[in-house]
Amino acid sequence: MPFGDFDAWRQELLATSALVQDGDLSVSDDEAGRRYDRYIALADMVDGTEGPHTVCALIASLRAEEDYGAHQAVYGALQRFPSRDLVSGTVLATADLLNIPRDHSGQVLQLLTLLASADDLVTFTAACDRLDPELRAGLRGLIVDHEVDEWLADERSLGRLQLARD
């Protein structure tokens, strides 16, 4: 693990992920730049050995509508995790997936379909079956929406994320 104190890293990641949006005059340009740079540095610390809770924290940090390219560091960090950890961490982050901007949830789910092994996607389905029914229904709806003509609509991703119906 490249950082010693996970809780401190996670708190700082989530704090700096509140990227300053265009037109927000409540924060100086210097502070906005400092947050942006630190957010990227925190994502870049991840080497993929940290486990599912780090995947979950990275996904939860994708809150800013406009990221000005900063989220590329998070997507790159997610790609460094073994398939099993990526799947487990994504399941842990289900509530976050439902609350982050749709483009970001779509990119995360697409990464899952492209990087996770077939066996780990079976594990994803089984783990989602144990989610609270409301979370499972929300995730199922999100997947269906992204399959219509968004992030999961291409042949590489379409139909790879299957959730049981209630």
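Helix α7 (residues 102–115) comprises 14 residues and spans 20 Å from its first C-alpha to its last, close to the 20 Å expected at 1.5 Å a residue, the expectation being 1.5 Å times one less than the number of residues. Helices are DSSP runs (H or I, at least four residues), numbered from the N terminus. The model is predicted, so that local features need pLDDT of at least 70 and side-chain atom pairs count only at pLDDT 80 or more, while totals for chains, interfaces and linings use all residues. Residues are numbered from 1 along each chain as its sequence is written, and side-chain values use heavy atoms, with hydrogens and water left out.

Of the 14 residues of α7, 10 are buried, so the helix is largely enclosed by the rest of the structure; among them are His104, Val108 and Leu112. Buried denotes under 20% relative accessible area, exposed over 50%, and partly exposed in between (1.4 Å probe, protein chains only). Arg102 is partly exposed at 38%.

The whole structure contains 6 salt bridges, defined by a side-chain nitrogen of Lys or Arg within 4 Å of a carboxyl oxygen of Asp or Glu. Arg102 pairs with Asp145 at 3.2 Å between the closest N and O atoms. Asp145 lies in helix α9 (residues 133–149), so this bridge ties α7 to a part 43 residues apart in sequence. A salt bridge also joins Glu12 and Arg38 (2.6 Å, N to O). Glu12 belongs to helix α1 (residues 6–16) and Arg38 to helix α2 (residues 29–44), 26 residues apart.

Note on methods:
Helices (H or I, at least four residues) and strands (E, at least two) are DSSP runs, numbered from the N terminus.
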